[in-house]
2 protein chains.
Amino acid sequence: MSVVVVGSLALDTIQTPSGERTEALGGSAVYFSTAASFFTDVKLVGVVGRDFPREHLDLLRRRGVDLAGLQTAEGSTFRWSGRYEGDMSQARTLDTRLNVFGAFRPVLPESYRDADAVFLANIDPDLQLDVLSQVRRPKMVAADTMNLWITSKRDRLIEILPRVNLMILNDAEARQLTGETGLVKAGRKIQALGPSHVVIKKGEHGSILFSGKNVHVVPAYPLEDVRDPTGAGDTFAGGFIGYLNKMKNRLTDDNLHTAQYYGTVLASFTVEEFSLDRLKRTTFADVRSRLRRLVRIVAPRKLS
Amino acid sequence: MSVVVVGSLALDTIQTPSGERTEALGGSAVYFSTAASFFTDVKLVGVVGRDFPREHLDLLRRRGVDLAGLQTAEGSTFRWSGRYEGDMSQARTLDTRLNVFGAFRPVLPESYRDADAVFLANIDPDLQLDVLSQVRRPKMVAADTMNLWITSKRDRLIEILPRVNLMILNDAEARQLTGETGLVKAGRKIQALGPSHVVIKKGEHGSILFSGKNVHVVPAYPLEDVRDPTGAGDTFAGGFIGYLNKMKNRLTDDNLHTAQYYGTVLASFTVEEFSLDRLKRTTFADVRSRLRRLVRIVAPRKLS
């Protein structure tokens, strides 16, 4: 079992009420890969510049992430800078420098093309389509998107949706894509556009999964200290898709709900510290322990 | 087992994206009583004017609510008018006419004074203290509050907290009371002010219960159509406290978590229609059925 992920590798400069970090490891493909690697083999597709610190690649390699699809281009790595305030529910982007990511064209090595699952992080829908044309018979195609593409490339995005089994996006994106304020209606509308399964991420409020006619809700793991929410959504997706891939991409209701729990728990580690500082130290025993605790927090022991 | 509730009876004029209603039955004590009456005997303390429609009192009587503590004063009933927009997470108050509620002094009939539980809805903290001086040995004292009292009567509110076992308030109030943005920290700070148990209500995102050192999170029941959120919080409190009262006020972790589920489910009926239109038609079989469904939606069936 293996998952191909296409997305960004970045150097993030972040300010939150807890502090700030300059040029720390980030990017959707990095968070996703690290989380998914708890469950399955990950094959990464992306691009970095010559300035990308070698230690970051070593971190991914140590987690068994296949970097055959990683391009190193002349120029600087993608940089993003943002600030979180108050309840940190939204980042304010201070600066985006696409650098080598601006001209990125994903090319899947031959060894990737038979992967049974694909995760298309929030890259340009044209590139998402391009990736889909390069894989042979994936059993599970999952995708994320962002406000930029919903506005600027809505038609292309709509074109992709029927080819996606599992759409993962946040509450604001779901509202923007559907014009619905209520998230249950929004989720149903997205399903009607193609994907049989939809996850709407709600940040500190958890997530809603639409699985066929069923719906599942998992609240976020309650934390006393959230230091940096960057990467929470991609970490969630990594845990979610990684677990489903391990379960042979069988999208049963039980597997999907369990995957939602794993995604939730993994994301809770990411937000506890800046960048991947906490996630990279996390063991599977940590994950299992927090998962059991989350179930005790959420699931009733008796219903008399 | 019985619960004394002190709060408002009101005629609400409400606009939401789904429509509007004029002078519909409302008020914290009305929602609370109706919800709590699924589980236990409710003794209401409040005031109405001579204009209060008799049918509303008949509704409460049919649910077995004891109205011996209801005063009928010369003048008009309390009226509130508000509008909800967008995601309906907050009401914008258009008009408040306290009328007879402005001069309200709660007087507990002798038959109320041995009640084993008290719920102090969000009335003036001075009146909340007054009520506590009139009950003899309640085993459970629960209270709500609102932004007005946190601002204008903070000292009195702080004075009450050590006499409250169970504080129930919403996310904005918890933040305002504690100065903490993070709700886990806010809940812990409120516990430190006195109440061993605290519930923070998060509207469409559910609630967090702080029970001693434990924490429980229950998401809201996912609904496709929310027509009017008015009264959801008081309905939650009624289900929550009513169930605990039925369980002999034993504030065990299991009882509290189950109570949180019942409060959540009852509130989901309230918001489906305006005023008490849906809640008053709800049977206990409806409640049990939705409770089982909520558990299936939330609790994982397996964790492999």
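Trainee: In this predicted model, with which residues is B:D41 in contact, leaving aside its neighbours within four places in sequence?

Mentor: The model is a predicted one, and B:D41 has its place in strand 4 of chain B. Once the neighbours within four places in sequence are left aside, the contacts of B:D41 are B:M1, B:S2, B:G64 and B:D66.

Trainee: How far apart in space are B:D41 and B:S2, C-alpha to C-alpha?

Mentor: In sequence, 39 residues separate B:D41 and B:S2. Strand 1 of chain B and strand 4 of chain B pair, and B:S2 stands opposite B:D41 in strand 4. From C-alpha to C-alpha, the distance in space is 4.6 Å.

Trainee: Does B:D41 count as buried, partly exposed or exposed, and why?

Mentor: A buried residue has 20 or more other C-beta atoms within 10 Å of its own, and an exposed residue has 12 or fewer. B:D41 has 17 C-beta neighbours inside 10 Å, so this residue counts as partly exposed.

Trainee: How many of the residues of strand 1 of chain B are buried?

Mentor: Strand 1 of chain B comprises residues 2-6 and is mostly covered. Of its 5 residues, the number buried is 4.

Trainee: Which residue takes a positive phi in the hairpin of strand 12 and strand 13 of chain B?

Mentor: Strand 12 (residues 207-211) and strand 13 (residues 214-218) of chain B pair in the antiparallel sense over 5 bridges. Within this pair, B:L209 stands opposite B:H216. The hairpin has 2 residues between the strands, and the residue with a positive phi near 60° is B:G212.

Trainee: Turning to chain A, what is the order of the strands in the open sheet of 9 strands?

Mentor: The pairing in this sheet is mixed. Its edge strands, each of which pairs on one side only, are strand 5 (66-73) and strand 13 of chain A. From one strand to the next, the twist averages 15°. The order is 5-4-1-8-9-10-11-12-13.

Trainee: At about what angle does helix 3 of chain A run to strand 8 of chain A?

Mentor: Strand 8 (residues 117-120) of chain A runs parallel to strand 1 (residues 2-6) of chain A, and 4 bridges join the two. Helix 3 (residues 125-134) of chain A lies across strand 1, strand 8 and strand 9 (140-143) of chain A. To strand 8 of chain A, helix 3 runs at about 170°.

Trainee: Which are the edge strands of the open sheet of 4 strands in chain A?

Mentor: This sheet has the order 3-2-6-7, with mixed pairing. Strand 2 (residues 10-16) and strand 3 of chain A pair in the antiparallel sense over 6 bridges, and A:I14 stands opposite A:R21 in strand 3. Each edge strand pairs on one side only; the two are strand 3 (19-26) and strand 7 (91-97) of chain A.

Trainee: Why is chain A as compact as a globular protein of its length, and what is its radius of gyration?

Mentor: Chain A has 10 helices and 13 strands. For its 304 residues the globule rule gives 19 Å, and the radius of gyration is close to this, so chain A is as compact as a globular protein of that length. The radius of gyration of chain A is 18 Å.

Trainee: Which residues have the most contacts inside the largest nonpolar core?

Mentor: This core has 182 residues. One of those with the most contacts inside the core is A:F119, whose contacts, beyond four places in sequence, include A:V3, A:V5 and A:F32. The residues with the most contacts inside the core are A:V5, A:F119, B:V3, B:V5 and B:F119.

Trainee: How many nonpolar residues are on the side of chain A that touches chain B?

Mentor: The contact takes 31 residues from chain A and 31 residues from chain B. The elements of chain A that give two or more residues to this side are helix 7 (183-192), strand 13 (214-218), helix 9 (253-270) and helix 10 (284-298). By class, this side has 9 polar and 6 charged residues, and the number of nonpolar residues is 16.

Terms used. Residues are numbered from 1 along each chain as its sequence is written. Chains are lettered from A and ligands numbered from 1 in the order in which they are written. This is a predicted model: local features need pLDDT of at least 70, side-chain atom pairs count only at pLDDT 80 or more; totals for chains, interfaces and linings use all residues. Two residues are in contact if their C-beta atoms, placed from the backbone, lie within 7 Å. Ala, Val, Leu, Ile, Met, Phe, Trp, Tyr, Cys and Pro count as nonpolar, Asp, Glu, Lys and Arg as charged, and the others, Gly among them, as polar. A nonpolar core is a set of buried Ala, Val, Leu, Ile, Met, Phe, Trp, Tyr and Cys residues joined through C-beta atoms within 7 Å. The radius of gyration is taken over C-alpha atoms; the globule rule is 2.2 Å times the number of residues to the power 0.38. Two strands pair if DSSP finds at least two bridges between them. Axes are lines fitted to C-alpha atoms, for helices over the stretch in contact, and angles run from 0 to 180 degrees between N-to-C directions.
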